[in-house]
Amino acid sequence: MEQFEPLSPPLRAATIRSMTNGRGALARRSLLRAGALGAVAAGLTACGIPAAGRQGGTTASTDHSAQEKVVNFSNWTEYVDVSDDGKHRPTLEAFTRRTGIQVKYTEDINDNIEFFGKIKPQLSAGQDTGRDLMVLTDWLAGRMIRLGWVQKLDSANLPHAYANLEQRFRSPDWDPGRAYSYPWQGIATCIAYNKKATGGRKVTSISQLLEDNSLKGKVAMLSEMRDSVGMTLLDMGEKPESVDDDTYDAAIARIQKAVDSQQIRKFTGNDYTDGLSKGDIAACVAWAGDLVQLRLDDPDIEYVFPDAGFMSSTDNLLIPDKARHKTNAERLIDYYYEPAVAAQLSAYINYVCPVAGVKPYLAKIDPSLAANPLILPDATMDAKTHSFRSLSDAEDTRYEAKFSKLIGA
């Protein structure tokens with residue numbers, strides 16, 4: 001069995017931040033998707049993320065889909081539609097009625113690193129994990145593909161997915177052409193502000209967050225490096241897709257200046273929502289998925305996608321190596337790319353929908369959701385969308401070390 005090095009200290013620190021209050025702790029309705037810190041931290045030390053040493057392209061696995069009408073689906077908590085009484089998952093049950101395929105749905109992903117620790121021993125030994133479908137965030141999805149631990153998808157089983165995938169999600173640098181993955185949901189980063197706390201002033205740029213004296217001491221940025229640095233790079237006219245050491249260092253220096261002047265109050269995870277509502281935070285970098293519900297509860301909360309652009313990432317559907325029911329898993333992926341089904345899912349979870357043609361179906365459920373750019377970005381927003389490029393292990397360690405020093409982590 002291959003032996004892997006554990007995470008470097010900077011990457012371990014970044015991961016713990018993510019799990020406790022960062023993107024790894026994004027709320028799914030009222031629940032945190034992060035697990036117990038102690039157990040996960042132990043997992044980090046024990047297993048770590050392996051280096052991306054061998055390329056994607058796995059040995060063919062035996063598919064038992066024709067004989068076994070089942071698909072084992074692992075997902076995050078509160079990340080699929082549930083009936084009002086909490087006893088049913090409508091879209092999953094409708095899939096079973098249509099196909100006869102039973103979905104064994106498990107909410108056993110609390111964090112990317114923790115989940116990876118569960119499945120790594122089987123994957124590294126070339127064994128079945130007991131899962132046919134799983135949802136991982138883009139950076140880990142890319143690593144899994146490079147390791148050769150996920151199966152290449154059969155496009156013949158994915159006609160709806162192939163036709164209806166939104167253009168903005170079609171070719172990430174970690175999976176060009178989506179040969180191994182399809183997005184489950186998108187995550188957009190924006191600027192949020194409290195009109196009452198800003199005295200009615202609009203906050204529309206990172207420059208205002210970092211330099212507007214009227215906001216001094218009431219600004220928050222995210223403790224996730226790719227979001228805060230990425231948004232700063234865009235404000236500087238640089239593209240996160242092509243970040244290098246020089247542009248990265250320039251962005252860090254710019255944020256550092258705002259830290260030194262006490263312009264920035266703190267770096268947060270999704271706990272910025274409480275400070276934003278209270279007015280302790282006047283403006284901040286935020287995740288759009290948090291704002292749909294927050295704005296319903298507080299009409300003073302506004303959001304802006306800056307003209308300079310904004311950061312976007314995805315949680316992604318993948319089929320692990322040696323999965324027993326690959327075709328069944330592909331049929332389930334394809335099912336969620338039918339616009340009517342995607343609309344039902346989006347109406348419940350309120351994240352960025354990756355499925356084209358969903359708007360009229362969503363409008364039938366709730367017209368306000370169909371008009372909400374936090375769920376269905378418009379063409380203007382599409383032109384502003386950017387993603388942080390994939391980093392090598394060495395770059396990731398170096399960049400996270402500098403960011404950890406910046407935020408005092």
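Rings of Phe, Tyr and Trp (its six-membered ring) count as a pair if their centres lie within 6.5 Å, and by this rule there are 14 aromatic pairs. This is a predicted model, in which local features need pLDDT of at least 70 and side-chain atom pairs count only at pLDDT 80 or more, while totals for chains, interfaces and linings use all residues. Residues are numbered from 1 along each chain as its sequence is written, and side-chain values use heavy atoms, with hydrogens and water left out.

A pair of aromatic rings is described by the distance of the centres and the angle of the planes. Planes under 30 degrees apart count as stacked, over 60 as edge-to-face and the rest as tilted. Tyr79 and Trp184 are edge-to-face, at 6.4 Å centre to centre and 75 degrees between the planes. These two residues are 105 apart in the chain: Tyr79 is in the loop between β3 (70-76) and α3 (90-99), and Trp184 is in strand β6. Helices (H or I, at least four residues) and strands (E, at least two) are DSSP runs, numbered from the N terminus. Both Tyr79 and Trp184 are buried, where buried means under 20% relative accessible area, exposed over 50% and partly exposed in between (1.4 Å probe, protein chains only).

Tyr303 and Phe305 also pair edge-to-face, with 5.9 Å between centres and 80 degrees between planes. Tyr303 counts as buried because its relative accessible area is 19%, and Phe305 because its value is 8%.

Ring pairs also build a cluster of Phe73, Tyr79, Phe95, Tyr105, Trp184, Tyr335, Tyr336 and Tyr351. Phe73 has contacts (heavy atoms within 4.5 Å) beyond its neighbours within four places in sequence, including Leu92, Tyr105, Trp184 and Leu332.

Asn72 lies in strand β3. Asn72 is buried because its relative accessible area is 17%. Leaving aside neighbours within four places in sequence, its contacts include Lys104, Asp132 and His325.
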